[in-house]
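Here is a friendly briefing to read alongside the model. Please keep the structure open as you go through the points.

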Amino acid sequence: MKKADVVIVGGSAAGLTAAITSRRHYPDKSVLLVRKEKQVLIPCGIPYIFGTVGSPDKNLVTDAVLEKNGIELLLDEVTNIERKDRVLDTASGEKITYEKLVLATGSMPIVPPIPGVDKKNIFAVKKEVSYLQHVLDQLNKSSSLVIVGGGFIGAEFADECRKNRNVKVTIVEILPHCLMLAFDEELCTAADSILTELGIDVMTSEKVESFQGNDTVTGIKLASGKELKVNMVILGIGAAANTKLAQKAVLEIGPTKGIQVNRYMQTSDKNIFSCGDCAEKVSFFDNKPSKLKLASTATREARTVGANLFEIRRRNPGVIGVFSTKLGETAFALAGLNERETKQKGYDIVVGEAVAPNRHPGGMPGMANLKVKLIFERGTRIILGGEIMGAKSGGELVNAISACIHEKMTADSIAIFPMGTHPALTASPIAYQLTNAAEMAIKAMESN
């Protein structure tokens, strides 16, 4: 029988980070990480396997970090938790005792119950190296690809799959625009235009009714009556928490079907913690259940878990939600709530926007325009969210906006944000988008 003070089940972003954090905070405790995968993929890098990176083997998390941090690795699958005795059973017949247990079992891609969805050449986005290699091999043989879902996964797959191959790529999205669950309409419209310019056929406000063909998919019938000829389909419509092990152990499951946790990431068993896609989440803004599943959120939760295992040191304030993506050469990013969401939640808001080159002067190499939109609650002037579109540097600036939200900064405090600037790296200090968007919001507040 194996023994460990801390056992982590799951070796992706959440599990690995929880293991490393627990070693940093409790160096005298032994840590065992159990996972069934021989190789671990970088989750957010999966779409880029099909274009920029070119292979699943080039999108892996190295196990060297485990050895470096004194974390033992066991390649096996945990099949049962004997909570009373604090013992785990594995598929190979191993028994493992633990003092504290962390469930980081991740999520599974959603496969909708559409007639014909089980046909060959219809693929969900599974986080498995051999599976994704098979998807890549099939893509290289295909001439017509339809991606169902125009969210981040769907849009990124569409952009990447068209690269270096002669394949017609179509996105079918049920909402009026791609990326509409994340961004406000003006950014979504721009994203649709960019995807179209890249040669991708974007079909919005369309619903898949059935997949056609005998054993292998050959077509798609849409609810509008349109039919598409196709020889490959990728499903990119989201993921669901993998709670099979937790449910078998009779741990409490939350309203969005994740493992229920408290603010310290403890489950209904005080000796079992959970983090990442499998764990239940609440919003930073109103404490209501949140379905957001992001690798960045997973690692944040994991750092809370790792610190709290033997002594409560950190509290999870809830999910802010920080997204970013790149379509063509244009970055899109969001932190917090978009304008549509703030109105749905009943906030009285004021918006400030600023657009400027990301270099100064504008003739500097690498210059691209960057637009920042900030959203504030009118009464308190506290920031609720921010959206970015344009230069790739927006991928980092959105993290500064997230920090402002986390600290509940006001428009006035952001207007005097102590930024650092450089001609080759940032916008001019005169035209810095973050501070100027705050100033524009203040102007709107004071003019009413």
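Lysine 281 is buried, at 3% relative accessibility; buried means under 20% relative accessible area, exposed over 50%, and partly exposed in between, with a 1.4 Å probe and protein chains only. Its salt-bridge partner, glutamate 301, is buried as well, with a relative accessible area of 3%. This is a predicted model, in which local features need pLDDT of at least 70 and side-chain atom pairs count only at pLDDT 80 or more, while totals for chains, interfaces and linings use all residues. Residues are numbered from 1 along each chain as its sequence is written, and side-chain values use heavy atoms, with hydrogens and water left out.

**The buried pair**

- Lysine 281 and glutamate 301 form a salt bridge whose closest N and O atoms are 3.0 Å apart; the term stands for a side-chain nitrogen of Lys or Arg within 4 Å of a carboxyl oxygen of Asp or Glu.
- Lysine 281 sits in strand E20 (residues 281–282) and glutamate 301 in helix H7 (residues 295–308), so this pair ties together parts that are 20 residues apart in sequence. Helices (H or I, at least four residues) and strands (E, at least two) are DSSP runs, numbered from the N terminus.
- One network, joined by salt bridges that share partners, takes in Asp184, Glu186, Glu339, Lys343, Lys373 and Glu387.

**Partly exposed pairs**

- A salt bridge also joins glutamate 99 to lysine 29, with 3.8 Å between the closest N and O atoms.
- Glutamate 99 belongs to strand E8 (residues 95–103), and lysine 29 to the loop between helix H1 (13–25) and strand E2 (31–35), so the pair ties together parts 70 residues apart in sequence.
- Both ends are partly exposed: glutamate 99 has a relative accessible area of 29%, and lysine 29 is at 25%.
- Glutamate 209 and lysine 221 meet through their side chains in another salt bridge (3.7 Å, N to O).
- That pair links distant parts of the chain, 12 residues apart, with glutamate 209 in strand E14 (residues 208–212) and lysine 221 in strand E15 (residues 219–222).
- Glutamate 209 is partly exposed at 38%, and lysine 221 is partly exposed at 31%.

**Charge across the whole structure**

- The search of the whole structure finds 24 salt bridges.
- The protein chain carries 54 positive and 50 negative charges, and their mean positions are 2 Å apart. Lys and Arg count as positive and Asp and Glu as negative, without His and the chain ends; each charge is placed at NZ of Lys, CZ of Arg, CG of Asp or CD of Glu.

**Overall fold**

- The protein chain has 11 helices and 26 strands.
- Its radius of gyration is 23 Å, close to the 22 Å from the globule rule for 448 residues, so the protein chain is as compact as a globular protein of that length. The radius is taken over C-alpha atoms, and the rule is 2.2 Å times the number of residues to the power 0.38.
- Along the principal axes, the C-alpha trace spans about 70 × 55 × 40 Å.
- Buried residues are 52% of the 448 in the protein chain.
- Of the contacts with a separation of 6 or more, 64% are between residues 24 or more positions apart; contact means heavy atoms within 4.5 Å.

**Around aspartate 57**

- Aspartate 57 is found in the loop between strand E3 (40–41) and strand E4 (60–61).
- Leaving aside residues up to four places away in sequence, aspartate 57 touches Gln39 and Val129.
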